[in-house]
Amino acid sequence: MIVIENILGQDVLTEVAAALRELRWEDGRNTAGATARRVKRNQQADLSSRTGSKVREVLLEAVKRHPVVEAYARPLKFAPPLISCSGEGDAYGLHIDNPVMGKGDARLRTDLSFTLFLSPPESYDGGELEIETVFKTESVKLPAGSMVIYPSTELHRVTPVTSGERFVFVGWIQSAIKDAAQRAILFDVTNLKAGLARRFPPGSPELLTLAKTESNLIRMWSDI
């Protein structure tokens, strides 16, 4: 998984916090899969209103345009994102995200999941996102405006909120590179290219060779 800090600035966070108070909220179990529905206890925003649509657009665009999201996830499609609120006593037990979401042309495979935190961590107790990896359980509770991206293949939970309210923006990505190991190699290549760009002039043989290598790896591994 990867943590990306400061996806949102304070001005956007303030506007989003005000807008969230205007939205209508419904039982979060309405959008959960059969297994997750049994362990999901939270509220989910109705984003069909003008305010809801605007909030979703602002948040999703912030995620899409971030260069680390592009380099790490190689997004091909995004599933419709959600905004959830967990209040005192709410939790989301251990579950796995649906492997496929959407219908028709909007149908996609979920390779990566993300959570963008909208509430300051000091404003609520509990509510950690726990991700079960092969070696250990990763516990994530980030500052407002920061996000975590992790494989949709991993079991995960949200621990009970014991006080306050936890607002998050969550979504799913189908990557153009299906294989996680290949995505990791491309992420390393992108970071290497950025580092070398500070040492070599544009158009240098080193940068051109690395750009060719990156392009050909994408061409070879792309799921398009």
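Colleague: What is the volume of the largest pocket?
Modeller: This is a predicted model, in which local features need pLDDT of at least 70, side-chain atom pairs count only at pLDDT 80 or more, and totals for chains, interfaces and linings use all residues. Residues are numbered from 1 along each chain as its sequence is written, and side-chain values use heavy atoms, leaving out hydrogens and water. A pocket is an open set of points on a 1 Å grid over the protein atoms alone, where a 1.4 Å probe fits and protein lies on both sides within 12 Å along at least five of seven lines; lining residues have an atom within 4 Å of a point. Taking volume as the space filled by probe spheres set on points joined across faces, edges and corners, the largest pocket has about 640 Å³.

Colleague: Which residues of its lining are closest to the centre of the largest pocket?
Modeller: The lining of the largest pocket holds 19 nonpolar, 14 polar and 7 charged residues (Ala, Val, Leu, Ile, Met, Phe, Trp, Tyr, Cys and Pro count as nonpolar, Asp, Glu, Lys and Arg as charged, the others, Gly among them, as polar). Of the 40 lining residues, the closest to the centre are Thr-31, Lys-40, Leu-82, Val-170 and Trp-172.

Colleague: Which element supplies the largest share of that lining?
Modeller: Helices (H or I, at least four residues) and strands (E, at least two) are DSSP runs numbered from the N terminus. Several strands each give at least two lining residues of the largest pocket, including S7 (91-95) and S15 (156-158). The largest share, 5 residues, comes from S17.

Colleague: Which residue in S13 stands opposite Leu-129?
Modeller: Strands S12 (129-132) and S13 (137-140) run antiparallel, joined by 4 bridges (pairing needs at least two by DSSP). The two strands form a hairpin with 4 residues between them. Opposite Leu-129 stands Val-140.
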